[in-house]
Each structure stands twice: as C-alpha cells, then as structure tokens.
Amino acid sequence: MNKINYDLSKIKGIAFDVDGVLSPSTIPLHVGGEPMRMVNIKDGYAMQLAVKRGIRLAIITGGNTESVRKRYEGLGVQDVIMGASVKITRFDEWMEKYGFTPEEVAYVGDDIPDYQVMCRAGLPIAPADAAPEILAVAKYVTPCAGGYGVARDILQQVLEAQGLWMSDDKAFGW
C-alpha cells in the first residue's frame, strides 16, 4: 500500500465520484439501456466502517441510477448526490452543510468533470487509471484502478491515522 502524504488526522469528510472510482470505467449496459455497475466488497466494508466511525462520506455523481443510491445509502452514506452535472456546486454545498474547510476534506475523482472539485479539496485523490489532467492535480494516486479497491485503500489509511481501524469489536462486523 502506498502512503498518503497528508495529515490524515484532519480529514472529516471524503466525497467520491462513482464511475471510474467506485466502479470500473467500463460498464455493461442493461438491455433497457441503463448502465450497470460493479462494486467492490472491500470498498463497501471500509465505507460502512468509516461512517460508523464518524467520517462523513458523500457520493457526487453525474449519473442518476437508483441502484447506485441504494448501494451507498445501504452502507450508511447519508449524502448520495445524483445528477450532479456541475460537481463543484454540489461539493461546495456539501462542505457548507457540515461546516468543512477544504483542508478537512478529500475528493476522489478520475475524469474532467471532477477537475474543479479536485482543485478545491484539501486532499485530491485519483485512481491509478485516472485521466492525465486528474493525475496532474492529485496529491495522492492510489495504486488501485477504479472499481478495484480505491475506497478501501484511502479509508483504511484515514482510519488507521485516526486510530479507528480495527480498534474495537465494532470493526469486525457489518
């Protein structure tokens, strides 16, 4: 695991894009035309644990698929923001809602619609297979490709830095 070069004790919130971050960049289409996404179970475990430990997570996606909402709300993510055609506006609203400063938040994105948010977040993070423009502004590039453990890598490091990873019996269940 690479190490994030940032004071992770400051992190109070992390927002994630979906396609290319929490799911691979290539997605199958249902016969009805709806995109179908894969999810990573280890990402899911780390996300639900982070929520239990008090880290505010958000999903900010341009997509609008009910299965995405169900997946992340089912993990305890309270802010599932769908149909975000301009993500910076929704990101700023999320930060204002919780009183976060940029230094207290990370954003994980992989492509051009994430660029403005990456520039605003104190800790911009990209998967290994992100667009070159996103890799250029990321302070941390996870060794994982989108959909293959990006959230787990990040959340485990944040929780470890805050003394919240495997710290009591609550860590061993869903």
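Good morning. The model is a predicted one, in which local features need pLDDT of at least 70, side-chain atom pairs count only at pLDDT 80 or more, and totals for chains, interfaces and linings use all residues. Residues are numbered from 1 along each chain as its sequence is written, and side-chain values use heavy atoms, with hydrogens and water left out.

I begin with the sheet. Helices (H or I, at least four residues) and strands (E, at least two) are DSSP runs, numbered from the N terminus. Two strands count as paired if DSSP finds at least two bridges between them. In general, strands of a sheet pair through backbone hydrogen bonds, either parallel or antiparallel. Here, an open sheet of 6 strands has the order 3-2-1-4-5-6, with parallel pairing. Strand 3 and strand 6 (140–141) stand at the edges with a single partner strand each, so one side of each has no neighbour in the sheet.

Let us now follow strand 1. Which strands pair with strand 1? One partner is strand 2 (residues 56–60), which runs parallel to strand 1 and is joined to it by 4 bridges. Across this pairing, Gly13 stands opposite Arg56, and Phe16 stands opposite Ile59. The other partner is strand 4 (residues 105–108), again parallel and over 4 bridges; there, Ala106 is the bridge partner of Ile14.

Are the residues on the two faces of strand 1 buried or exposed? Gly13 and Ala15 on one side, and Ile14 and Phe16 on the other, are all buried, where buried means under 20% relative accessible area, exposed over 50%, and partly exposed in between (1.4 Å probe, protein chains only).

Strand 1 also belongs to a right-handed β-α-β unit with helix 1 (residues 41–52) and strand 2. Right-handed means that, with the strands pointing away from the viewer, the path from the first strand over the helix to the second runs clockwise.

On a 1 Å grid over the protein atoms alone, a cavity is a set of points where a 1.4 Å probe fits but cannot get out, while a pocket is an open set with protein on both sides within 12 Å along at least five of seven lines; lining residues have an atom within 4 Å of a point. Grid points are joined across faces, edges and corners, and a volume is the space filled by probe spheres set on the points.

The whole structure has 1 cavity of 30 Å³ or more. Its lining includes Leu22, Val39, Arg71 and Tyr72. Helix 1 gives the largest share of that lining, 3 residues.

The largest pocket holds about 180 Å³ of space. Among its lining residues are Asp17, Asp19, Lys87, Asp110 and Asp111. What classes of residue line this pocket? There are 1 nonpolar, 5 polar and 6 charged residues; Ala, Val, Leu, Ile, Met, Phe, Trp, Tyr, Cys and Pro count as nonpolar, Asp, Glu, Lys and Arg as charged, and the others, Gly among them, as polar.

Finally, two single residues. Ala84 lies in the loop between strand 3 (79–81) and helix 3 (87–98). Ala84 counts as buried because its relative accessibility is 4%. Leaving aside neighbours within four places in sequence, Ala84 is in contact (heavy atoms within 4.5 Å) with Ile60, Thr61, Gly62 and Arg90.

Met166 sits in the segment after helix 6 (150–161). Its phi is near 55°, a positive value in a residue other than glycine. Most residues other than glycine have a negative phi.
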